[in-house]
Every structure is written in structure tokens, then in C-alpha cells.
Amino acid sequence: SSQNEGEGEGPRKGRETPNKPPQAMGENVEKMLEEGVRRLERFSADADEFWRREVEKWSAIKERLRNGGFPELTEIVEKKIIKYIEEVRRWYEEYVDIKKLIEELRRGDVIVNKGEKCLYVAMYREHLSLMIESCDSKNVIVRLVPKGLRRIEVYVPAVIDVDRSVELIRMGLEASDGWSYGGKAGMATVNPWQVILWAVMNPGKLKLYVECIDLNEKNEPKMAWFIIAHRRSIKRSIPQLVQKLTDEELMLYAWGAILGDGWVSTTTEREKVKLRPLIRLVYVSEKEKYWKPLERIGFRKRQKKPHFELVSSKAVRYAKKLMELLPLKIRRLMDVLNIDKWEMIKRFLEYKIYSRGQIMVHGIPFTITIDKYGGVKLRKQVNNLELAARICDELKKYYNVKCPPNNKGYIYIGYLELKEDEIRELIKVLCERYKYYEEIDAFKSTREGIRKALRKLAPIKGAAAA
């Protein structure tokens, strides 16, 4: 999905405006030109297959929509989109001379622009532009951008009710892949299913065109689409709007974001013996404000990577709750579109939810920490330090709470401070965690720590009832 951010006239205008230094053919530029030549050569050798794949992808979607009970969308794909792809192919065959482009690249007949973070190499011709971009030493983006191609207008009937749940999903999708195009809500994507989903969530008149052919390094080349809705863009307002959402509304907003900038998969436990669910939102620095409120529903920001994540039982709980919140017809449409992320979410429903490793203390969830000697502590982290201080002051009325200064919001309670019912809950959770680790044959040192902890807890009044 697109990682771009901006409020300009379409996807290319929202980027930083580069200055234009003297055209010195530096080492980085030479590498970018070499990469551009290599990608063009590869695309030229596979061009016929590329056009066949594009039509084939959309034809498969057309059949799935027809068989899935969305005949109105079938007609749009067949009579509008597939015919438009054929028009783009005719443009390519008439105006794109790959051999000539390669020769001009090798001569260095290009414009070099240097932005604050990225280096751009561009070749502007009458009927196309070739854009090469590098924002780090590893990744190079190469695009063929058509000129003179018409935009098609599509009327999308209201095949689903655009109720509050759909608006929230649409908001998340707009936050991730949305653009403001002349004040209208637009979206750039290389995924055909995303074109259909955006169209359905924005019924009425839409404008649609091929923005570029993305000559990927790792994957096959793809056609990038830009879709403009009739309604006004709300992207600039989203960070403020999200602050007012309830937890359930945030879950639907998060799903739209996941469909755009998200990744849904499985990863391994530390000892690589157990697959665990993972939901990840990847962001650039400008987008953190869009995803930060998701910490309220359990997403955790990684310290050294630009990720917000739900892992293991948290991801499973989210999947189960999402299934309750999504309207039936949206679920049906995502089934028909065969969206990988959606299929993985449905797989998460089969996973067993294990204890969170937490107990409630005075109505506040505390995480249980155990060392290898069986030492037990309850820990709570509150990112807002003022709120952490207030919670700490309240808990001190009932427990011997440790709140060291400059502790990043950590609050600690020793197990000896707990009441009888809290001790019973602590033992129950520890037993569940031990059983789980034993089932997957992992975390031997942690299991030993739990055994020692249970022996310490056993003589405490109220423990036997657990």
C-alpha cells in the first residue's frame, strides 16, 4: 500500500518539493540510472505477460463478484475497468519505446532533483514520464507515468448501506492510503480489491485513472490506480476526529487502516516453536498521529521500529470483536474479493485465547512479571506521567505501591500486598500460563520460575481456594 502523505493535487503533488542543484552525475545517481535500465529491460521482456496478467486479475474479480451476488459491480469491472486497461495498453504500444528510454538513461539525459530526504531522477517526454526515486541506499522506486490518458467516470450504486461502521472503516482507509485531490477524497493503490472497496464505500460518481506502472524490484510490475470520490476529503481532520471515538469505533477505524498500511500474519515465539498471530500497522513519521490513539485498544508502539502491533491473544481478541462489529454485507464483499488480510483475520478466530498474564488490582489491569527465582511482581505502565501519579496516589490508600521517580510511568505492587481474591486470581493465571508453555514445550526457565512462584504462594491465606 502507499506510504505517501500529502494534501496536494493528487499523489505526486503531496511530496516534498525538491530543489534543483547542478546536474552532477554522482555515484548515487549512476546507481539509480543503472537500476532504471535493469527494470526497463526486465519489463520489456515481460510486457505481453504483464498486460495479460492485469486483464486476468480483473476478470477473476469480475467472476467472483458475479458469483458472490454483486452484479452491479460486475458490470463496472467488465464495461469500464477492463476496457480502460485495453486503452492503456494501446497507449503503451503506441508511445512507449523502451529501447529509446534505455539509451537516454545510459546517456544521462535526465533531470536530477534532490529533496531533503530523497533523490529523484526524472525523464519527461511528450507522452510519458519516467520517474526514479531513492530515499535510502537500499530501495529504488521506478515508475512509468502516462501523459494524455483520459480519466473514466464510473457511477457506483449503493450496494451496501454507508452506515457509521462503514464510515469508520473508510476513515481508516483514507488515513492510510488517502489523498486530497482538489479537495475531494482520493486514493492511490496497486490492489484491484482496494479499488472496488473504495468505490463501494464512496457510492455515486467516481473518477478513475491509471497513475503509473510501478516497476517493482521484488514483485511483478503492477498498475497503480487513482480513484477520486465525489465527497470532500477529511484526511486533515482525522487525527482530531479519532480522539473522540469509542473503543469499538476505534476497532473499525483500525481495520480500515490495516487494509491500507497494515500487515496481518503469524510470527514465531522466541524459541521458534509456536506460531502466534500478529497485526501490524507500519507508518512513516508523519502518520504516527493517525495511529497513536489505537494504543487505547491494545496496539503497542515498537520502540525501535515504526510499527504499532497487536500480538498473540490481543490479536485474536481483536479479530473476534471485529467479526461482531462488521456488517454482514461488508464481510461478504471482503470474502468475494479474497483479501489476504481478511482471510488471515478469519484464521485467527480458530486460535485459542490464553490468559493475558494480567490480573485486576482495584479495577486496574496489572501485568504479572516473574524472574527465574520465582520472584513475583505486578507491573503497570501508564504512558501519561500525570495519570500515572494519580493512579499511584489512589493505590497507595490500599497497597504498598512503588512509584520510583522518572520511571516512565511504571507502577509496581508486590504479591504480598494482594488481597485473598487477588491472590487466587494470580495463582489461576500462573497455572494457565504454565500449562500453555508446557503444551508448546517452550520457555523452560519461565516455567521453572512459575513453579517456584507457586510454591511461595501456596502457604498464603486464600491460596488453597485457587
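C118 has a relative accessibility of 8%, and since the cut-off for buried is under 20%, C118 counts as buried. Keep in mind that this is a predicted model. The partner of C118 in a disulfide is C135, with the sulfurs 1.8 Å apart. C118 sits in the loop between β1 and β2, C135 in the loop between β3 and β4, and the two are 17 residues apart. C135 is partly exposed, at 39%. The torsion about this S-S bond is about 105 degrees, so the disulfide is right-handed.

How many disulfides does a search of the whole structure find? Two. The other joins C392 to C403, with an S to S distance of 1.5 Å. It links helix α13, which holds C392, to the loop between β17 and β18, where C403 lies, 11 residues away. This link is right-handed as well, with 95 degrees about the S-S bond. C392 is buried at 4%, whereas C403 is partly exposed at 28%. Counting bonded cysteines in sequence order, the pairing reads 1-2, 3-4.

Now, what does helix α13 lie across? Helix α13, residues 385–395, lies across β14, β15, β17 and β18, at about 20 degrees to β18. Those strands belong to an open, antiparallel sheet of five, ordered β14-β15-β16-β18-β17.

Technical notes:
Residues are numbered from 1 along each chain as its sequence is written. This is a predicted model: local features need pLDDT of at least 70, side-chain atom pairs count only at pLDDT 80 or more; totals for chains, interfaces and linings use all residues. Side-chain values use heavy atoms; hydrogens and water are left out. Two strands pair if DSSP finds at least two bridges between them. Helices (H or I, at least four residues) and strands (E, at least two) are DSSP runs, numbered from the N terminus. Contact means heavy atoms within 4.5 Å. Axes are lines fitted to C-alpha atoms, for helices over the stretch in contact, and angles run from 0 to 180 degrees between N-to-C directions. A disulfide is a pair of cysteine sulfur atoms within 2.5 Å. Buried means under 20% relative accessible area, exposed over 50%, partly exposed in between (1.4 Å probe, protein chains only).
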